[in-house]
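Please read it alongside the sequence and the structure shown here.

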Amino acid sequence: MSAQERCRVLVLGGYGHFGARIVRALAITPGITVIAAGRNPAQAAARLPGVDLANIELCRLDTAAADFAATLAGTHADLVIHTAGPFQGQGYDVAQACLRAGMHYIDLADGREFVAGFPGQLDALAQRMQCCAITGASTLPALSSAVVDALAPQFEQLHSIDMVIAPAQATPLGIATVRAVLSYCGRPFDCWIDGRWQTRIGWAKPQPVRFARIGPCLASPCDVPDHTLLVQRYPGVATVRFRAALELPLLSRCLAALAWLRGHGLPLPMEALAGVFARAGRWFDRFGTDLGGMRITLRGQRGGLQHTVHWDLTAPMLHGPEIPTFAAVLLARRFARGEGLPIGAHACMGMLSLAEFEREFARWRIDSAVS
């Protein structure tokens, strides 16, 4: 696409938790026509506050419908951004439909198997259609890998990558996000620890962690794409670890209790519990703050000595949920400028620099620092 043409970007799940944020950001971007797509366009006005609906197109689009591919093709989109999770257990049907329609594709997937298997499943089709397909254009692995890429040159030998995220207690939660979190609660998964694959249990055994500006939290292991992708990207690293922390330790212990029960064979109805957990979490908002945080710690050798670097991010005013949308927005803007995206199917690593994310941080008063 040339820089003179107006780019048509369809946001699938465009009235949802992350999709609405992407629609809002792209609707004010020169050169882009935004199509907000979902099962019920009548909900758009309520779920897109502050967005002039006259500036966007609304489209009813259901990925489970028999006519999905035909309806999708009828939108004449140039680029599709898929935000309708959870991606854990989801197949590649949506991406395949986009590519077969000659549309470029980006998603916000955080499912480990989905993201890790994406290039192998879709690269041949993307190459044949001369389209770009990008998965994981979200906090993980897009932002996390950009941080590691920026800091790794400080090391002669990188030994470990340790990542922790803590959303603010009052952060709005989409039901798909809660379902994704609960999908691996109490389930074993492999982590690269001390140079070998070791088993961890999702959300079990929370441990104390600290952030730059957030009080002490309890963090638990989570199954994310970085466990696979960063090990591959940095073959000499001995440990890659990701954990998530809830701002209130009580809620971390509740999740740990669910993990223990599920891990010991209790058949918990996780689908039903997602709604319960999302509603119950709101009862505790008064005890939390508006600050979310992320810390990435790299350890290794520099000048023959042990060297440690911390990268800290603090998101105020409940702006944390904007962060998972930045990568997709940046890539869509790049595409609209006529700069193009790499042909083929890729995980979103090495495509965006930390400096590009930092410019988005500034728009939302999100602070980041290296120490």
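## Cis peptide bonds

Pro 86 lies in the loop between β4 (79–82) and α4 (93–100), where helices (H or I, at least four residues) and strands (E, at least two) are DSSP runs numbered from the N terminus. The peptide bond that leads from Gly 85 into Pro 86 is cis, with omega near 0 degrees. A cis bond, with omega near 0 degrees, also links Leu 140 to Pro 141, and Pro 141 belongs to helix α6, which covers residues 139–151.

The model is a predicted one, in which local features need pLDDT of at least 70 and side-chain atom pairs count only at pLDDT 80 or more, while totals for chains, interfaces and linings use all residues. Residues are numbered from 1 along each chain as its sequence is written, and side-chain values use heavy atoms, with hydrogens and water left out.

## Positive phi angles

Most residues other than glycine have a negative phi, and most peptide bonds are trans. Gln 130, although not a glycine, has a positive phi of about 55 degrees, and this residue sits in the loop between α5 (112–129) and β6 (132–135).

Lys 205, likewise not a glycine, has a positive phi of about 50 degrees and is placed in the loop between β9 (196–201) and β10 (207–209). Lys 205 counts as exposed because its relative accessibility is 70%, given that exposed means over 50% relative accessible area, buried under 20% and partly exposed in between (1.4 Å probe, protein chains only).

## A buried loop residue

Thr 325 is located in the loop between β14 (305–315) and α11, and with a relative accessibility of 2% Thr 325 therefore counts as buried. Leaving aside residues up to four places away in sequence, Thr 325 is in contact (heavy atoms within 4.5 Å) with Phe 18, Arg 21 and Ile 22.

## Nonpolar cores

A nonpolar core is a set of buried Ala, Val, Leu, Ile, Met, Phe, Trp, Tyr and Cys residues joined through side-chain atoms within 4.5 Å. The largest such core has 120 residues, and those with the most contacts inside it are Ile 81, Ile 161, Trp 311 and Phe 357. Helix α11 (residues 326–336) gives the most to this core, contributing nine residues. Another core lies apart from it and has nine residues, including Val 164, Ile 214, Ala 219 and Leu 291.

When residues up to four places away in sequence are not counted, the residues that Ile 161 touches include Val 148, Leu 230, Tyr 234, Val 237, Arg 241 and Ile 296.
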